[in-house]
Amino acid sequence: MRVLLPLPDRDFDVTEVAVPWAVLREAGHEVVFATEKAGTVPAADPRLLTGVLFGRLGAAPGARKRYYELVRAPEFGATAGWADVDPAGFDGLILPGGHAPGMRQYLGSPVLSEQVGRFWRLNRPVGAICHGVLVLA
């Protein structure tokens with residue numbers, strides 16, 4: 001399977017991206033990342049990596065480990081552009097979320113919304129996590 005995973009340039013949720021990526025990769029699937037502009041290397045919400053409230057709230061150690069594996073993966077740095085993606089070329093779509101301000105780029109993009117709508121009409125599997133459902137809506 002080939003799965004599309006669009007992201008904002010920054011502030012996505014560590015767990016909601018790194019864990020699905022790792023599970024899909026370990027199952028032998030290809031994950032293609034897309035950002036607004038092709039070639040952008042996205043970055044997670046740094047507070048989820050370092051913790052907030054004296055380091056007590058943030059991503060679990062296992063999710064942080066997966067994230068650090070993800071940022072070294074070649075596909076993570078070779079993002080496609082949202083507008084350039086052909087939804088018909090994918091078997092699945094995952095829409096992660098996040099809470100930090102950088103997510104607005106992703107949540108409010110008419111281009112991404114249109115592409116997600118095109119994928120939805122293909123009647124293929126879509127997973128939406130947390131705020132990712134807003135893109136689908």
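Helix α1 (residues 14–26) lies across β1 (2–6), β3 and β6 (92–95). Its direction makes about 150 degrees with that of β3. Helices (H or I, at least four residues) and strands (E, at least two) are DSSP runs, numbered from the N terminus. Axes are lines fitted to C-alpha atoms, for helices over the stretch in contact, and angles between N-to-C directions run from 0 to 180 degrees. Helix α6 (residues 110–120) also packs on the sheet, where it touches β1, β6 and β7. Contact here means heavy atoms within 4.5 Å. The direction of α6 makes about 140 degrees with that of β6.

The model is predicted: local features need pLDDT of at least 70, side-chain atom pairs count only at pLDDT 80 or more, and totals for chains, interfaces and linings use all residues. Residues are numbered from 1 along each chain as its sequence is written, and side-chain values use heavy atoms, with hydrogens and water left out.

The sheet is open and has 5 strands, in the order β5-β3-β1-β6-β7, with parallel pairing. Two strands pair if DSSP finds at least two bridges between them. The edge strands, β5 (80–81) and β7 (126–128), each pair on one side only. Strand β3 (residues 30–35) runs parallel to β5, and 2 bridges join them. Gly81 in β5 stands opposite Thr35.

Strand β1 pairs with β3 in the parallel sense over 5 bridges. Within β3, Phe33 stands opposite Leu5. Strand β1 is also joined to β6 by 2 bridges, again in parallel. There, Gly92 in β6 is the bridge partner of Val3. Of the 5 residues of β1, 4 are buried, so this strand is largely enclosed by the rest of the structure. Buried means under 20% relative accessible area, exposed means over 50%, and partly exposed falls in between (1.4 Å probe, protein chains only).

Aromatic contacts were then examined. The whole structure holds 4 aromatic pairs. Rings of Phe, Tyr and Trp (its six-membered ring) pair if their centres lie within 6.5 Å; planes under 30 degrees apart count as stacked, over 60 as edge-to-face and the rest as tilted. The ring centres of Tyr67 and Tyr68 are 5.7 Å apart and their planes meet at 65 degrees, so this pair is edge-to-face. Tyr67 is buried, at 7% relative accessibility. Tyr68 is partly exposed, with a relative accessible area of 39%.
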